Amino acid sequence: IYWDLVLETKQKDRVDYEPIAIGKAKNKIRFPLYDGKYYNRKNGWFFHPYITPEKTVGFQFRERTAHDTRGFRIQEGFVLLLYYITKPYWKRQNIYLVYEKFCAMAQDNAYYFFKYCMEHNVEAMLGGHMYYIIDKKSADLEKVQPYSGHIIYFMSLKHKLYLLAAKLLISTDTKKHVYAWRYRMSLLDRYIRRKRLVFLQHGVTALKRVDYIYGKGNFGTCDLFVVTSDYERNIVEQNFGYKGDEIAVTGFARWDVLEDKSKGSRLILVMPTWRNWLEEVDDAAFMESDYYRHYMALLTSPALHRMLEELDLQMCFYIHPKFREYMKDFVISADRIRMVPFGQEPLNELMMQCRLLVTDYSSVCWDVYYQGKPVVFYQFDLAQYLEAHGSYMDMDKELFGERETEADKLISRIREYAQQDFKLKAQAAEQIDYYFK
């Protein structure tokens, strides 16, 4: 999808690649109905040159969507005109907009924050109006239906107008997620970038370096950064460029409703996170990856199937949303293993029902650990992960669960916990007060 224009230089046995910088040049030439891209009518794809935040030349190459049309830009222009005509009215409204990833979900911190506000008349305290933005096709739509007067449908005319008028955005994700994803040259983009944002997060910041996204001044910048502990506050202060009064140690809104529902359950939840080196690759490349081979080795292991049967356990494999298109590649034939695509079942319900979590570097480990349940880290590609993603935690000293790198040893570790009725080990139990305020 994204390409860089680089200069290749060869000198003896050395080859270097340098992105081509263009100094102080900017995208100055803009016309209301021209978005600067080349569209290929034969295959439905387009090619879009742009200038990166680092002032280098980049290209976007992707399929055309419903938002990549001249009619859509005309609608944006109409909304802008309407907003400016009625601007005095909107200034008095104090509009607060709440949303989650791609405006497609209602199951994370933003939803539970919004639900609390609706049930405790927080609008009156704020002296304004709060709305939840969600896609009409979302599987979570019925969860917000009780607050129908406070729902705005994603990419509707009302959505665009209220977005221009909004006083504050409140979200688990960046400002980019409040509008059409990957849509460039939008007439509303510069207005969205000026909005103030309370960043509720969707996972504890520790296992993966994300300051290049969410750091102050980057495209994921915010005005208030919500964290869960003094440990996490220190990470944000030291790595993200935020000062003390720009960080709020409150815990996560979704943790207010976390409840251990695992009594009588024998569920093992397996939820790996994504890898940036596998994002957007084709099926053949994905199936050749260490990621695919290790998880298939685990899920198809006769030893695992025997253990699940012997100890009366169930296993649920829940793939990360960025890898959901690859779920079809995991063909498993086992009565006690369930494959759950992203969005099919609420993740927080699975975390409340499980007895143990197997993950690699996913921040869901904190939600399970918060409930006092054990976590096992399956980190077969740690060196590659640290090189590509990085971590704020010392993986050798600060993990609150065992680390395994081979499927057979992971299976033995699961067996050990199951035979001890999934009791949290002493060291992990002692660390809870350190990791949670």
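This report describes the strands, helices, cores and selected residues of the structure above.

The model is predicted, so that local features are reported only at pLDDT of at least 70 and side-chain atom pairs only at pLDDT 80 or more, whereas totals for chains, interfaces and linings use all residues. Residues are numbered from 1 along each chain as its sequence is written, and side-chain values rest on heavy atoms, with hydrogens and water left out.

Helices (H or I, at least four residues) and strands (E, at least two) are DSSP runs numbered from the N terminus, and two strands are said to pair if DSSP finds at least two bridges between them. Strand E18 (residues 375–378) pairs with E19 in the parallel sense over two bridges, and Arg403 in E19 is the bridge partner of Phe377.

Contact here means heavy atoms within 4.5 Å, while axes are lines fitted to C-alpha atoms (for helices over the stretch in contact), with angles from 0 to 180 degrees between N-to-C directions.

A residue is called buried under 20% relative accessible area, exposed over 50% and partly exposed in between (1.4 Å probe, protein chains only). In H11, the buried residues are Tyr291, Tyr292, Tyr295, Met296, Leu298 and Leu299. They cover an arc of only 155 degrees around the axis, which puts them on the same side of H11; the arc is that of the directions from the helix axis to the C-beta atoms.

**Cores and the surroundings of Phe225**

A nonpolar core is a set of buried Ala, Val, Leu, Ile, Met, Phe, Trp, Tyr and Cys residues joined through side-chain atoms within 4.5 Å. The largest such core has 79 residues, and those with the most contacts inside it are Leu97, Tyr179, Phe225, Phe240 and Trp366. A second, separate core of 38 residues includes Ile268, Tyr291, Leu299 and Leu356.

Strand E11 (residues 196–199) and strand E12 (residues 224–227) run parallel and are joined by two bridges, with Phe225 in E12 as the bridge partner of Phe199. E12 also pairs with strand E13 in the parallel sense over three bridges, where Ile247 in E13 is the bridge partner of Phe225. Together, E12, helix H9 (residues 230–240) and E13 make a right-handed β-α-β unit, right-handed meaning that, with the strands pointing away from the viewer, the path from the first strand over the helix to the second runs clockwise.

**Helix H3**

In helix H3 (residues 109–119), Asn109, Ala110, Tyr111, Tyr112, Phe114, Cys117 and Met118 are buried. These buried residues pack against strand E7 (95–99), helix H4 (122–126), strand E8 (129–134), helix H5 (141–144), strand E10 (168–171) and helix H13 (347–353). H3 is followed by Asn121, whose phi is positive, near 50 degrees.

**Four-stranded sheet**

A further open sheet, this one of four strands with antiparallel pairing, has the order E1-E6-E5-E4. Strand E1 (2–4) and strand E4 (38–40) stand at the edges with a single partner strand each, so one side of each is left without a neighbour in the sheet. From one strand to the next, the twist averages 20 degrees. E1 and strand E6 (residues 57–63) run antiparallel and are joined by three bridges, and Trp3 stands opposite Phe59 in E6.

**Selected residues**

| Residue | Class | Relative accessible area |
|---|---|---|
| Arg254 | buried | 8% |
| Gln384 | partly exposed | 35% |
| Asp312 | partly exposed | 44% |
| Lys12 | exposed | 85% |

Arg254 lies in the loop between strand E13 (247–249) and E14 and, leaving aside its neighbours within four places in sequence, is in contact with Asp108, Asn109, Tyr112, His202, Gly203 and Asp367. Lys12 is found in the loop between strand E2 (6–11) and strand E3 (14–19), and its phi is near 55 degrees, a positive value in a residue other than glycine. Asp312, in the loop between helix H12 (302–310) and E15, likewise has a positive phi, near 55 degrees. Gln384 lies in helix H15 (residues 382–388); Gln384 and Asp68 are 316 residues apart in sequence and 36 Å apart in space, C-alpha to C-alpha.
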